[in-house]
Every structure is written in C-alpha cells, then in structure tokens.
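Here is a short report on the model shown below.

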Amino acid sequence: MSQLSTADKKRLLRSMLYARRFEERCYEAYVERKIGGFLHLYPGQEACAHGVLAAAKAGHDYVITGYRDHVHAILCGAPPREVMAELYGKETGSSKGRGGSMHIFDVRYRFMGGYALVGGPFPLAVGIAKGIKMKGGDEISICFLGDAANNQGSFHESLNMAKIWQLPVLFVCENNLYGIGTRIDRSTAVLDQYKRVCGYDMPAKQVDGQDIEVVYQAAQEAVNYVRSGKGPYFLELKTYRYRGHSMSDSNAYRAKEEEQEWARRDPVLILRDRMIKAGDMTQDDYSALDKEIIDEIENGVIKFAEESPEPRVEELEKYVLAENDPYVRGGAK
Amino acid sequence: MADLMYWEAIRRAHDEEMARDPLVICMGEDIGVAGGTYKATQGLYDKYGPERVIDTPISENGYTGVGIGASFVGVRPIIEIMSVNFAWLAMDQIANSAAKVRYMSGGQLTAPVVIRTPGGTAHQLGAQHSARMEKVFMGIAGLRVVTPSNPKQAYGLIKSGVRCNDPVFINEHELMYNMKGEVPDGEYFHPLEGSEVARHGKDVTLFGYNISVHWCLQAADVLSKQHGIDAEVVDLYALSPLDRAGIAESVSKTHRAVIVEEAEPMVGVGAEVMAIINEECFFELDAAPVRVSAATVPIPFNRTLEKATIPNANDVVKAVLKMFGK
Ligand SMILES: Cc1ncc(C[n+]2csc(CCOP(=O)(O)OP(=O)(O)O)c2C)c(N)n1
Ligand SMILES: [Mg+2]
C-alpha cells in the first residue's frame, strides 16, 4: 500500500480547498438567486470523495451518487465551469441545463450521475458493475451514498445481488450522522453502518472520513480488493456536513457543541496543518493558494456560467426520446 | 370562518382527529421533531409524543406498508410522503395492499389509511422532484383520490379521509401550502366524492383540479372582462371516482368544455373527462372539448424551459378564444 507523497498531498490539498470554495461560491450564487431549486453542499465531507477517488482511477472507474454531487463529478473530471453552468441552468452545463444541481452527469468521465431519490443509485451501481464484468474490463463501479440511504430496501437488495454475483462494486457510505433533520440514532437500529453489512458476507470497514490520509489508505485496500475480482466491498467514512442539508434547511436540529467539535476536525485544515508542520508548505503559501483558487473560480467558472446561453425553448422536447432511431418507424434492415 | 393557510388547515385536521381518537397516528420522514417539510405536523410531536407522531426512516415502501398493516387492526394512520415523487417507492404497498385488500378478502379487511403528499411542479426542483402523479393513482381501483384546491378542502378532506373506511390518497401541492383561505370554525367534513362549481358561468366550462382551478379562475376573469365570455369553473377535487353527473350537468348548461391539467395529456385527467363527456352528454356539445396540458417531457431544471412546460392562465384564455374562433 503506498503513502501519499508530498506532491500528492499538495495536489489533494489544492483540490479539497477548491471544492470548499466552489461550494461556498454556489451558496453565494444561490443567495443572489442566480441558482434556483434544491442545492446540497459538500463542505466538511471533502476528504471522503477525495481520498476514495485518489485511490481509484478517476475518469476510468464508474462513479454514481445522490444529489450532493458537484464535487464527485468534478473529481471524475467534469470541468467545474460546466458543473457551475448546470447549476445556473445553462445550455453549456454538464446536463445542458436540463438536470440541475441534483442531476450532474458527465459520462465522458464516467460520472454516471447524481440522483435525487434516496437509495436510487444502489442498484444502478450494481448494474454498472454487472456490465463491467460481462465486458471484461478492469474498471470498478463506485457508489457514494449517505447513511440514511441505508434504510431503503434497495440498499439490502443491492448488497445481496452484488455479493451473489461477485460484482466489482465499491459501496462508499459517507456517514454524516444525519438524514436531513433526523439524527441517525432516531432512524437507524445500528449506528455503525459497516455492521449492517455482515449479512452479505463482504468486507466492510469503517474509518475516519475527515483525515484524507486515513481515507486514502482504506480506499486503496478497498479498491484493490474490488479490482482484483474478489467481489464487492463496503467502506464507511465517518464525517459531517458543515452546512444545512440543503439551502432550505435551517439546521436548527444540531447542537452547537457537536458542530464545534466537528469544525475542529475540518478535513482541509487537518491536511494543511500537517503539511505546515512537516515543513511542506507555509501559512503564506496556503493563503496564496486560497487566493489563487478564489480568483480561478470567479474568472474561469462563475464568469463562464453567467455568460453562457440559456437553452432554447424550441428545444424543450429534445432528449425526451432517441432522435432518428432506425427502429422507431419501421423499415430497419 | 377563520383565514388559514393551506398547511395550517392540514395541521388543524391532524390535531383535531388525533385529539378525538387515540388510534389516529401520523407517520413520515421528518414530520415529528422537525415538524414536517411543509409544517403540516408542526407541534404535534410535543403534543402527542413519539408513539403517535412517528419519524420514520427513509423507507417509503416499508413505512407505508407499516401504516397499512396497522390500519388492518384498527389504527387510523395519516401517512405523509414528503414528495409525491417518493410515492413511486411506496407504490407496491399502496396499489397491491391498500387498494386491493378489501376486494381480495371479500370485504373482511379494509385499509382505512390517509396517504397525503405534495405533488406538482414547483420552482426548479428538477425532473425527479416535480412529478404530477395524480393520474397514476386515479388508475388504481380501490383507492380514493382527492386533491384540495384550497385550505377548506385541505382541512375537510383529511377529516373525511380519516373517518372513511377506504384508503384515501390526498394529492396536495408544493406551491399551495402558503395559500390562505377561509376554513369553517367548527368541524367540517368535505365529501370525498363530487365536484364544486368555483365560479358560475354560461358560455364554457373550465374544468380544473388542485392548482389548475386557480389558473381557470384567473382565465375566467380575463375572459369575462376582456372578451365578454362567461366561463364556469368546475373544481374536480375528487379525481377518483370522478363526478360524472357534475361534469355532465355543467357541460349540458354551457355546451363547451376545456380541461386544464398540470400533467402531460397522455392517460390523464383531461382524457378521462373527455371520455365522460362523450359517454354522458355528447349531443349537448357545441364544440369539440379541448385539453390544456403540460408538455410531454420530464420536467427541465432550467427555469425558462420549466415555465414553457407547465400551462398557465394565459394558455387557458388562448384555448378558449380559439374554441370561440377569436
Ligand atoms: C426516496 C426519497 N425519500 C426521501 C427523500 C428526501 N430526502 C432527500 S435527502 C434525504 C436524507 C438522506 O440522508 P443521507 O442518505 O444520510 O444523505 P446525506 O444527505 O446526509 O448526504 C431525504 C430524506 C428523497 N430525496 N428520496
Ligand atoms: Mg447523512
């Protein structure tokens, strides 16, 4: 198992900080009413997607998730400006303005989508893994979902099928302790989600989701296992979201002490402080990096989204069904 | 008469029914401690406790089935599904258990549950949070489907739904929870069948339900003020069974019909009302009935496209003018 090199850490710190600033900028754009609809943000959970996708082959492996999907899409390779344009509902957006925040898709980079129904992606991830196995590729299918999603029947059904058919799927549970305003102990019999997997006879592990080096180590083991053809794997990451569930959430149900405790375990700051302590960077380097990222988002991402064209009303019915499919009207040979 | 918001009217119905009968419970995601996404159960958790105001896991088919099972043995559950889009997951229990059990058991067992949920397209919630599913439920024998267009109906339909011995599906609307309207001060039971004339007129009948009643009323106003057309507006708050007699009565008076629905036209309310008109009063017609419906697309995220998908009062006016050759 390899350790993250200093260069890796620099790259990942930059990327996590980028993700943080990207999401904060989405928040502002929402308040300015440039973005509408539901908006679920990722701050606090950055080390989860970053650690796992650093260990996997982003852009090669298939990734699927729920509605909190911007950062996962970007890490697969989706250009941030196209993700932002999607949030603005623009024609240049990842899903051509038809999907919105909860439905980012970028199939070029094998980001197979964000889905709004809790638990919906589980069987889809298993199906993708089935396809991989049939076609004999070395990709794996990675499904990122939350803790509360595990109370859907689709969770149990999917784990069972993944196991009986020995499919290359990695289930990543980002356990942030809440499903909207309901704390996990009020909805779920077992707090540690990895324990629920014992009925499906696959490796299941729980690690700290705030420390990217820990996530990376655990994810390497998981990814190697799945890629080597041994079947599915379940990885639980203990984490916390810093904002409300979505923009319409007052966040009143969480104790201040709990929030403060998790704020001290900020994944971006954990890595930053470790690098500063090791002499790999200075506080000034970090501040300069932060400024660079903020400028990059403003000039390269927001500007693009704002200046992009809207979809045309004449194309409202485009993408509903296949166009010019030879089997639709008859006469195909 | 008190002026209440739609959500307050719903909350009041819950509260009264729960106070009256200890076997009335309510259940759903985030309805207890959090008070409900649309505040429909606000304060009830503190008042009635966790045994009767139940925060469920995200297990729609599971908890809907639990509610239905409890109803077999005398409990009267009011089941909230946070958004009608999630009702797809509960469809098995709604269609295969609740709707069929009376028939399959030869009348021995019934499922007196109320299932209430917001449907409709709000603002940019995307394809998976904007479904209009009333027509799906209308197609299920054994299920009553109602859809309140105002706070009085929202209140009175829950009251009747809880007392009725059939499963009752109540289709509310995301955009209507803050709408105000008069609700009787005393207890009021809105009938689960029938229709209501929301505006009397003689030249054309505009059929609406839920939010589209309001588009019809706005259109009727414009038609009378600007075009001298006196439209009647019929509120089809009961979608299953539909009020055949009420539909025929109004069309026999105005001889013209426009059906306004928020959903796509295929297999929808409009298609069904047209069939009833054909069957009940075809020879009363002076013009072919017309539907005003949504475009047949999954709801787009982009606001301009979304608006272009869903009909509005102006579309109703245009359809009527076209019918009159204006
Ligand atoms: C089928 C379904 N039921 C309910 C909802 C409403 N809802 C959206 S997110 C959510 C909580 C999910 O929590 P979790 O799986 O822990 O993910 P997190 O948001 O914490 O990342 C709920 C109940 C939904 N979108 N889909
Ligand atoms: Mg969660």
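## Burial, fold and helices

Of the 333 residues in chain A, 51% are buried (20 or more other C-beta atoms, placed from the backbone, within 10 Å of the residue's own). This is a predicted model: local features need pLDDT of at least 70, side-chain atom pairs count only at pLDDT 80 or more, and totals for chains, interfaces and linings use all residues. Residues are numbered from 1 along each chain as its sequence is written, while chains are lettered from A and ligands numbered from 1 in the order written.

Chain A holds 11 helices and eight strands (DSSP runs numbered from the N terminus: H or I of at least four residues, E of at least two). The C-alpha trace of chain A spans about 70 × 50 × 40 Å along its principal axes.

Helix H8 of chain A runs through residues 212-227. Its dimensions are tabulated here.

| Property of H8(A) | Value |
|---|---|
| Number of residues | 16 residues |
| First to last C-alpha | 21 Å |

The expected span is 1.5 Å times one less than the number of residues. Buried residues in H8(A) include A:Ile212, A:Tyr216 and A:Val226. After H8(A) comes A:Gly229, with a positive phi near 90°.

In chain B, the axes of H9 (residues 244-254) and H10 (residues 269-281) come within 9 Å and cross at roughly 70°. Axes are lines fitted to C-alpha atoms over the stretch in contact, with angles from 0 to 180 degrees between N-to-C directions. H9(B) is therefore roughly perpendicular to H10(B) (65 to 115 degrees).

Technical notes: A residue is buried if 20 or more other C-beta atoms lie within 10 Å of its own, exposed if 12 or fewer, and partly exposed in between; C-beta atoms are placed from the backbone. Angles under 35 degrees count as roughly parallel, over 145 as roughly antiparallel, 65 to 115 as roughly perpendicular and the rest as oblique.
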